[in-house]
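Good morning, everyone, and thank you for making time for this.

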Amino acid sequence: MVAKDHLSLQLYTVRGKLEEDFDGTLARIAEIGYTKVEPFGVTAFADRLAEALPKHGLSAPTTHAGLLREDSAPIYAAAKRLGIGTVIDPHTDPARWQSADGIKEIAAGLNQAAKEAAEHGITVGYHNHQFELESKVDGAHGLEILVDNLADEVIVEVDTYWAAVGGADVPALLKKFGERVTAIHVKDGDGTLNNKAQVAVGDGTIAVRDILAAAPQALRVVELDDFTGEIFDAVEGSYAFLTGEGAPE
């Protein structure tokens, strides 16, 4: 089972609820038992997060922000204000993943961002979708080439669902990347690009137990990109599965 302090929720999962009731949504997340969240849009939500996180006993060790596409200064300022130690770039243009040179350019950008972030006491990371794994150069997944060219201080947050959709042997990939993987996105579904087919962790076809066992050091970040039912049912179901019997620490 996963310890509560080793579990987080990507707030994109409940983006619709946040629009309706920001404070109440964070209260519900804490009521379920989560103690950590992973914000998105951190610069836009900084004021509300600064008030709501401590109010509900929540912390945010990681956040998603477009470091390679946006002005980084406001991102670092918001992260510092909220006590966020790791800023993760969540997306790059798939066209850049078609050659080794293109991938190396992304790595160079992340390495430069890491130098700037270090001045603020912040770590930089990268989060994948499926295309970084679908892309192969000389037999290696694009994400493998990226990691081979990252500075030691840059971490990766492997989205284990999208890595599986992209054709990777996810447990093997996690073991290969080792300690560089400080967080993983844990999600479940039918293993296709259909976001609406995603389900609570433990209810789909993804080998979640094997994935968790392959990266014991990584923060487990629950996420659903979409869901056909009441989203909090999936959020609560994921929490129950991961903290209950049968899921390895």
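What you see is a predicted model, in which local features need pLDDT of at least 70 and side-chain atom pairs count only at pLDDT 80 or more, while totals for chains, interfaces and linings use all residues. Residues are numbered from 1 along each chain as its sequence is written, and side-chain values use heavy atoms, with hydrogens and water left out.

Let me start with the record. UniProt, in an unreviewed entry, lists residues 29-213 as "domain: Xylose isomerase-like TIM barrel"; the positions are given in the numbering used here, the feature names are shortened, and such annotations may be inferred rather than shown by experiment. Over residues 29-213 the chain is 43% helix and 16% strand, with the end C-alpha atoms 25 Å apart. Helices (H or I, at least four residues) and strands (E, at least two) are DSSP runs, numbered from the N terminus.

Now the core. A nonpolar core is a set of buried Ala, Val, Leu, Ile, Met, Phe, Trp, Tyr and Cys residues joined through side-chain atoms within 4.5 Å, and buried means under 20% relative accessible area, exposed over 50%, and partly exposed in between, using a 1.4 Å probe and protein chains only. The largest such core has 82 residues, of which Ile29, Tyr34, Leu146, Leu174, Ile184 and Leu242 touch the most other members. Contact here means heavy atoms within 4.5 Å, and Ile29, leaving out residues up to four places away in sequence, touches Leu9, Leu11, Val14, Tyr34, Val37 and Phe232. As general background, in soluble globular proteins nonpolar side chains tend to be buried together.

Is Thr63 buried or exposed? Thr63, which lies in strand 3 (residues 62-64), is buried, with a relative accessible area of 0%. Its partners beyond four places in sequence include Glu38, Phe40, Ile84 and Ile88. A polar atom of the Thr63 side chain also lies 2.9 Å from the backbone oxygen of Pro39.

Next come the salt bridges, each a side-chain nitrogen of Lys or Arg within 4 Å of a carboxyl oxygen of Asp or Glu. The whole structure has 10 of them. One joins the side chains of Lys17 and Glu230 at 3.2 Å, N to O. Lys17 sits in helix 1 (residues 15-20) and Glu230 in the loop between strand 10 (219-222) and helix 11 (231-243), so this pair ties together parts that are 213 residues apart in sequence. Lys17 is partly exposed at 23% relative accessible area, and Glu230 is partly exposed at 34%.

A salt bridge also connects Glu236 and Arg28, at 3.4 Å, N to O; this pair links helix 11 with helix 2 (residues 22-32), across 208 residues. Asp47 and Arg81 form another, at 2.6 Å, N to O, with Asp47 in helix 3 (residues 42-55) and Arg81 in helix 4 (residues 72-82), 34 residues apart. Asp47 is exposed, at 55% relative accessible area.

Finally, Gly166 is found in the loop between helix 8 (160-165) and helix 9 (170-177), and at 11% relative accessibility Gly166 counts as buried. Apart from neighbours within four places in sequence, Gly166 is in contact with Gln130, Leu133 and Glu134.

Methods: A polar contact is a pair of N or O atoms within 3.5 Å; within protein, one must be able to donate a hydrogen and the other to accept it, and residues adjacent in sequence count only if both atoms are side-chain atoms.
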